Amino acid sequence: MREKNIIKNFITEVVPQFMIAIIGLFKSQALLECLGEQTSGLFQIFGQIMAYLSLLEGGRGVAAIYRLYKPLIEKDYELLGKLKRGIGVIFRRLAIIIFFLGIALSFVIPFLIKDNQFSTSYIQFNFMLYLIGELVLYFTVFERNLFTADEKGYKVNILMNSSIILKGIFEIIILKLGGNLTQILLMFIVINFILNVALIYLT
């Protein structure tokens with residue numbers, strides 16, 4: 001059973017990456033063609049800032065996985081319940097901290113863009129949407145780590161990679177239909193929210 005799970009984990013992690021890479025090429029091209037170089041650059045800046053803010057996580061996710069191994073093996077559901085509450089509190093607080101740091105950093109973003117054509121309010125509003133879309137996933141860290149610790153990461157892989165593929169496809173469709181960055185970011189929030197519900201349902 002363990003070997004089957006390892007194979008499933010590997011397949012569901014590696015195989016979808018080819019599709020994600022192909023969609024990524026079309027997505028980047030569509031973003032440049034439909035919204036222009038500046039908006040594409042703004043989108044990339046959002047991602048870079050979020051990557052730096054995510055460093056505040058500081059390996060807590062890995063530590064959570066490690067803490068889950070023993071109660072899973074011993075089927076200690078009382079301890080699992082306590083860990084779920086503890087991990088939930090930690091990552092909710094972390095999400096709040098990152099959100100407010102993001103608000104502060106949103107004032108800096110206009111100065112990072114050469115020949116900036118966007119208003120500060122436009123940048124801040126869209127960056128807040130970007131942050132919300134990413135931070136929504138902090139509320140199901142326990143569920144994702146539980147599957148990983150239980151060697152059933154393939155379930156998370158299927159959901160996570162499917163959401164990435166769907167977001168890429170919908171992004172291209174929105175762009176081709178004349179949509180804008182705000183609509184794309186709202187779509188990200190909706191898909192990530194649905195992903196959270198699916199993760200909670202599976203556990």
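Biologist: Are Glu-33 and Lys-176 buried or exposed?

Modeller: Happy to start there: this is a predicted model, where local features need pLDDT of at least 70, side-chain atom pairs count only at pLDDT 80 or more, and totals for chains, interfaces and linings use all residues. Residues are numbered from 1 along each chain as its sequence is written, and side-chain values use heavy atoms, leaving out hydrogens and water. Buried means under 20% relative accessible area, exposed over 50%, and partly exposed in between (1.4 Å probe, protein chains only). On that scale, both Glu-33 and Lys-176 are exposed.

Biologist: How many salt bridges does a search of the whole structure find?

Modeller: A salt bridge needs a side-chain nitrogen of Lys or Arg within 4 Å of a carboxyl oxygen of Asp or Glu. Glu-33 and Lys-176 meet in one, at 3.6 Å from N to O, while Glu-78 pairs with Lys-82 at 3.8 Å. Searching the whole structure gives a total of three.

Biologist: Glu-143 and Lys-84 meet in a salt bridge; which of the classes buried, exposed or partly exposed does Glu-143 fall into?

Modeller: Their N to O distance is 4.0 Å. Lys-84, with a relative accessible area of 41%, is partly exposed. Glu-143 has a relative accessible area of 5%, so Glu-143 is buried.

Biologist: How are H5 and H6 oriented to each other?

Modeller: Good one! Their axes (lines fitted to C-alpha atoms over the stretch in contact, with angles from 0 to 180 degrees between N-to-C directions) lie 6 Å apart at about 135 degrees. Angles under 35 degrees count as roughly parallel, over 145 as roughly antiparallel, 65 to 115 as roughly perpendicular and the rest as oblique. H5 and H6 are therefore oblique.

Terms used
Helix = DSSP H or I, 4+ residues; strand = E, 2+ residues; numbered from the N terminus.
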